[in-house]
Amino acid sequence: MTYSYMALLLAHGTGATTSDAFNAVAEPRRRAILNYLATQERPVGEIVDSLGLEQPSVSKHLRVLLEVGLVNVRRDGRRMLYRTNAEAIRPLHEWTETFERYWRHQLSRVKERAEQKSNPSNDTGPDFTSRRKNDHDGNKN
């Protein structure tokens, strides 16, 4: 593989990481920026000061978030004010809700096991109950 071909592959590989909302929020600093903007719109300088990031880095991350539609910007005099775009964040929220039932079930199982261990007088031996049909993918967590 030639050097130029490898560079081409790398360029395409890194570009894809910011092409949609899911890939954009995969970057922890972008999630931090979104969290910070969740309560109110803010100028870049305030984001920089609050999150302790460099201004060029914040600007770069805001540009990515803006390109995928997760934030909106408006000009107020010389300042640019950024805020989250709740409607664009909705698909992220809906997707994570898919796993809510799974995690709720897992937490219930952990609670049951902890209660069994903390109350040995109720210990009736190993639990050989059959797994419920809706347990996900055979996970034994």
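Buried, in this talk, means under 20% relative accessible area, exposed means over 50%, and partly exposed is in between, with a 1.4 Å probe and protein chains only. The model is predicted, so local features need pLDDT of at least 70 and side-chain atom pairs count only at pLDDT 80 or more, while totals for chains, interfaces and linings use all residues. Residues are numbered from 1 along each chain as its sequence is written, and side-chain values use heavy atoms, leaving out hydrogens and water.

I start with helix H4. Helices here are DSSP runs of H or I with at least four residues, strands are runs of E with at least two, and both are numbered from the N terminus. In H4, the buried residues include Val44, Ile47 and Val48. They cover an arc of only 100° around the axis, so they sit on the same side of H4. The arc is taken from the directions that run from the helix axis to the C-beta atoms. Which elements cover these buried residues? Among them are H3, S1, H5 and S3; contact means heavy atoms within 4.5 Å. Just after H4 comes Gly52, with a positive phi of about 70°.

Next is the sheet. Two strands count as paired if DSSP finds at least two bridges between them. Three strands form an open sheet in the order S1-S3-S2, with antiparallel pairing. S1 and S2 stand at the edges with a single partner strand each, so one side of each has no neighbour in the sheet. S1, residues 42–43, pairs with S3, residues 79–84, over two bridges. S2, residues 71–76, pairs with S3 over six bridges. Which residue of S3 is the bridge partner of Arg42? For Arg42 the partner is Tyr82, and Tyr82 is also the bridge partner of Val73. Arg74 has Leu81 as its bridge partner in S3. The hairpin of S2 and S3 has two residues between the strands, and in this hairpin Gly77 takes a positive phi near 70°.

Now helix H5, residues 55–67. Its 13 residues, at 1.5 Å a residue, should span 18 Å, and the end C-alpha atoms are 18 Å apart, which agrees. The expected span is 1.5 Å times one less than the number of residues. Which residues of H5 are buried? They are Val58, His61, Leu62, Val64 and Leu65. These cover an arc of only 160° around the axis, which means they are on the same side of H5. They pack against helix H2 (21–24), helix H3 (28–37), helix H4 (44–51), S2 and S3. The face turned away from the buried side carries the exposed residues Pro56 and Glu67. After H5 comes Gly69, whose phi is positive, near 85°.

Axes are lines fitted to C-alpha atoms, for helices over the stretch in contact, and angles between N-to-C directions run from 0 to 180 degrees. H3 lies across S1, S2 and S3 and runs at about 95° to S3. The axes of H3 and H5 come within 10 Å and cross at roughly 80°. The two helices are therefore roughly perpendicular to each other; that label covers 65 to 115 degrees, with under 35 roughly parallel, over 145 roughly antiparallel and the rest oblique. On the H3 side the contact is made by Arg29, Arg30, Ile33, Leu34 and Leu37, and on the H5 side by Val58, His61, Leu62, Val64 and Leu65.

Two loop residues remain. Val25 lies in the loop between H2 and H3. Val25 is buried, with a relative accessible area of 14%. Not counting residues up to four places away in sequence, Val25 touches Arg31, Leu34, Leu70 and Leu92. Val25 and Leu70 are 45 residues apart in sequence, and their C-alpha atoms are 9.2 Å apart.

Asn85 is in the loop between S3 and helix H6 (86–97). Leaving aside neighbours within four places in sequence, Asn85 is in contact with Gly69, Leu70, Val71 and Asn72.
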